[in-house]
Amino acid sequence: GTAGMMSSVANLSNTILGAGILAMPYALKNDGVFLGFIVILVSGFTAGAGLFLQYRCSRYLDRGTASFFAIAQKTYPSLAALFDTAIAIKCFGVGVSYLIIIGDLMPQVIADFFFADGDVGDTIFVSRRFWISCFMVALIPLCFLRRLDSLKYTSVVALVAIGYLTVLVIGHWLVGDTVSYRGTISIGPSSLSGVLSTLPIVIFGFTCHQNMFSIVNELRDNRPTNVLFIIFSSIGSAIILYTLVGITGYLSYGDNVGGNIIGMYASSFSSAVGRAAIVVLVLFSYPLQCHPCRASLDHIYTHFILQSTVSQVRSGIQKTSIPKQRFVVLTSVIIAFSYIVAITVSSLETVLAFVGATGSTSISFILPGIFGYKLLGSPYHLPIPDVKDDDETLESGETGLRQAVRLVTPEFDDWDGDGDREIVRDVDGEGYIIKYGSLALAGWGIFIMVVCLGTNIWLLRHAS
């Protein structure tokens, strides 16, 4: 790996802080202030637990080869393609939501900056399809970058945009210029169905797990302390920003708040800059969804097309990059189909709710949970240089390794008979806690998926 700590924090934070922050005040509309804060806190904690389990599972693979597909091949091989299908759908849905935001905001940005009365009239500048088309062209070069670390500078720019949005929302609340548009403010939840319908939006807001394996693979020094710092920094900052934007945005408009807070402010220079900043944010966040979506589609292709021989599948898992022709085709397909869906669907809340209920719960809770339960405590591989003596073993930070090294011979044990020297990892008290905590996290994800998906389907039918 060659990626640094700060670039990894920037990319993971940018993956988290996307379209979800715009809908956070809308989520608090149904949750109320107190319950809304609790939901944000619990969602952030469980999302962080999923990221931690992904890192622990990655230690069971060769350095730089970790992915959902590779771990599924070691745990549930028959379901590997199904898992990657869920990931691809989730990342695709998030990318579509970003394009919808661009189409919604750009007419307002142009009106605020270039038309004194704020009315662009019946021109092409009011067309959301026109703006989505323009920005898709700008996105193409970024989507064809192979390494996630190549997006670190655009991620920093996107995070600056998030900072401006936060200041803007808090500023409007402090000034109180939205009082005339404010509805009723509730401390408690509005209804059970309302809470369940917006819960996926909050969960969606913390979903960044599709890029966690890439970050671990590319990280120059992926010791546990460094990875935990990246997780805590990214999740912690997201909890703070979601709470600030969610509560102050909701207090500004009350029950009249919509699904896109930045689109509700009256025309002004500050709000115009805020809308432009969000356009920049989602513009630079879209490639962060294209990257894992492409990888998942490649894994699915590898599973079904190359499954004729075990060696081909194994080489497909271990390869470090997608072949050039397939890379171009997959990237082009993602861009084309996301463009078609974005110009067809205009409801951001609907996209976030269904993507959050299915894809987000799958890759945030269910997959890390079942992988962790299956792998933690099983024989554990480490390169020989990492276990030369007790000091180096202790620096790896893995629970139980010191005792394991003392139990094996100086030549190490060949526990699986493949001719490689390995060690066997102990399962101590902490290991059992993490193992069965993984199972609890998977159960939590399944519960959230079933309840929230059922609620959203029922509300959609009821509305129609």
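**View 1. Thr207 in the loop between helices H8 and H9.** In this predicted model, Thr207 sits in the loop that links helix H8 (192–205) to helix H9 (212–218). Helices here are DSSP runs of H or I with at least four residues, strands are runs of E with at least two, and both are numbered from the N terminus. Thr207 counts as buried because its relative accessibility is 2%; buried means under 20% relative accessible area, exposed over 50%, and partly exposed in between, with a 1.4 Å probe and protein chains only. A polar atom of the Thr207 side chain lies 3.0 Å from the backbone oxygen of Ile203. The side chain of Thr207 also makes a polar contact of 3.3 Å with the side chain of Ser364. A polar contact is a pair of N or O atoms within 3.5 Å; within protein, one must be able to donate a hydrogen and the other to accept it, and residues adjacent in sequence count only if both atoms are side-chain atoms. Leaving aside neighbours within four places in sequence, Thr207 is in contact (heavy atoms within 4.5 Å) with residues including Thr15, Lys90 and Ile363.

**View 2. Thr15 in helix H1.** Thr15 belongs to helix H1 (residues 5–16). Thr15 is buried, with a relative accessible area of 2%. The side chains of Thr15 and Asn211 are joined by a polar contact of 3.2 Å. Beyond four places in sequence, the contacts of Thr15 include Tyr98, Thr207, Cys208 and Leu288. Thr15 and Phe206 are 191 residues apart in sequence, and their C-alpha atoms are 8.6 Å apart in space.

**View 3. Helix H3 against helix H10.** The axes of H3 (residues 33–58) and H10 (residues 224–253) come within 10 Å and cross at roughly 160°. H3 is therefore roughly antiparallel to H10. Axes are lines fitted to C-alpha atoms, for helices over the stretch in contact, with angles from 0 to 180 degrees between N-to-C directions; over 145 degrees counts as roughly antiparallel. Among the residues that make the contact are Phe37, Gly44 and Tyr55 of H3 and Pro224, Ile235 and Tyr242 of H10.

**View 4. The whole protein.** The protein has 17 helices and zero strands. Of its 464 residues, 54% are buried.

**Notes.** Residues are numbered from 1 along each chain as its sequence is written, and side-chain values use heavy atoms, without hydrogens or water. Because the model is predicted, local features need pLDDT of at least 70 and side-chain atom pairs count only at pLDDT 80 or more, while totals for chains, interfaces and linings use all residues.

Definitions and conventions. Parallel < 35°, antiparallel > 145°, perpendicular 65-115°, else oblique.
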